[in-house]
Amino acid sequence: MKAQQTVSVIIPSYNHKRYIEAAILSVKKQTYEPIELVVVDDGSTDGSVDLLLELRKEFGFQLKCQKNVGVCATLNRGIAEMASGSYIALLASDD
């Protein structure tokens, strides 16, 4: 049986402390495997980073915290520097 290819899910986040946990949980509840989860925080000031650090301990995803550069540069960083999957899926942190 051929192994399934990895899907890298990239979540860019900026000041979405209210929503980011639900977004991460929605990825973790998927039945497809393997999924690589990458979260890139784009300079949040609302306490998101502290929450993300705690969630990373629990769920074991990749996390990059950076100064604010905007969503396009944030997505590009997640894709080019962090994702290793054969497929890329983008998920807004407030979805």
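Biologist: Where does serine 44 sit in this fold?

Modeller: Serine 44 is in the loop between β2 (35-42) and α2 (48-59). Bear in mind that this is a predicted model.

Biologist: Why is serine 44 called buried?

Modeller: Its relative accessible area is 15%, and buried means under 20%, so serine 44 gets that label.

Biologist: What makes the link between serine 44 and aspartate 41 a polar contact?

Modeller: Their side chains are joined at 2.6 Å, and the cut-off for the N or O atoms is 3.5 Å. The serine 44 side chain also reaches the backbone nitrogen of asparagine 15, at 2.7 Å. Leaving aside neighbours within four places in sequence, serine 44 is in contact with Ser13, Tyr14 and Asn15.

Biologist: OK, on to helix α2, where valine 49 lies. Why is valine 49 called partly exposed?

Modeller: Valine 49 has a relative accessible area of 23%. Setting aside neighbours within four places in sequence, its contacts are Asp41 and Cys65. As for glutamine 5, that residue is 44 residues from valine 49 in sequence and 30 Å away in space, C-alpha to C-alpha.

Biologist: And how do you know that isoleucine 88 can belong to a surface patch?

Modeller: A patch residue needs over 30% relative accessible area, and isoleucine 88, in strand β4 (residues 87-90), comes in at 39%. Together with Ile79 and Leu90, Ile88 makes a nonpolar surface patch of about 250 Å².

Key
Residues are numbered from 1 along each chain as its sequence is written. This is a predicted model: local features need pLDDT of at least 70, side-chain atom pairs count only at pLDDT 80 or more; totals for chains, interfaces and linings use all residues. Side-chain values use heavy atoms; hydrogens and water are left out. Patches are made of residues with over 30% relative accessible area and no salt bridge: like charges are joined within 9 Å, nonpolar side chains (Val, Leu, Ile, Met, Phe, Trp, Tyr) within 5 Å. Accessible areas come from the Shrake-Rupley method with a 1.4 Å probe; for residues, only the protein chains shown count as cover. A salt bridge is a side-chain nitrogen of Lys or Arg within 4 Å of a carboxyl oxygen of Asp or Glu. Helices (H or I, at least four residues) and strands (E, at least two) are DSSP runs, numbered from the N terminus. Buried means under 20% relative accessible area, exposed over 50%, partly exposed in between (1.4 Å probe, protein chains only). A polar contact is a pair of N or O atoms within 3.5 Å; within protein, one must be able to donate a hydrogen and the other to accept it, and residues adjacent in sequence count only if both atoms are side-chain atoms. Contact means heavy atoms within 4.5 Å.
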